[in-house]
Amino acid sequence: MTATTAPLRVLVYSDDSDVRQQVILALGRRVHPDLPELEFVEVATEPVVWQQLDSGAIDLAILDGEATPAGGMGIARQLKDEVYQSPPVLVLTGRPDDRWLATWSRAEAAVSHPLDPIELAEAVTRLLRSRVPAQA
């Protein structure tokens, strides 16, 4: 694959495997025809989140704000405070009224449970466009 067609790596963090599967199924292999395919990195624990983010190979982090013991919003805030040029972050909130918490976490986007596949795909597309070089 060339650099322009390399898959975009999307980290999906939740301690709940059902939430991770909902995200992956909602997005599919290609979230938009103008974007490369997606490659998912499923993560269930905070230490592995940091390992993956430290690799520099993640294009987007989707973090479950309801995960325990480490919630996605706290991880997002720490990521934005500590990692230079961090990937964009989408936080999954427990309810629409929790969007203010996502703002506090400095996440670029938030989608609430229950997940709406269209809303999730639109948010992911918007965030990933910044990671793909413009085509001539």
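Modeller: We can begin with the overall fold and then turn to one residue.

Modeller: This is a predicted model, in which local features need pLDDT of at least 70 and side-chain atom pairs count only at pLDDT 80 or more, while totals for chains, interfaces and linings use all residues. Residues are numbered from 1 along each chain as its sequence is written, and side-chain values use heavy atoms, with hydrogens and water left out.

Colleague: What does the secondary structure come to?

Modeller: The protein has five helices and five strands, in the order β-α-β-α-β-α-β-α-β-α along the sequence; helices (H or I, at least four residues) and strands (E, at least two) are DSSP runs, numbered from the N terminus.

Colleague: And how much of the protein is buried?

Modeller: Of the 136 residues, 47% count as buried, meaning under 20% relative accessible area with a 1.4 Å probe and protein chains only, where exposed is over 50% and partly exposed lies in between.

Colleague: Switching topic, where does Ser-86 lie?

Modeller: Ser-86 is in the loop between α3 (72-82) and β4 (89-93).

Colleague: Is Ser-86 buried or exposed there?

Modeller: Ser-86 counts as buried, because its relative accessible area is 15%.

Colleague: Which residues is Ser-86 in contact with, leaving aside its neighbours within four places in sequence?

Modeller: They are Leu-79, Lys-80 and Arg-131, where contact means heavy atoms within 4.5 Å. With Lys-80 there is also a side-chain to side-chain polar contact at 3.1 Å, that is, a pair of N or O atoms within 3.5 Å, one able to donate a hydrogen and the other to accept it, with residues adjacent in sequence counting only if both atoms are side-chain atoms.
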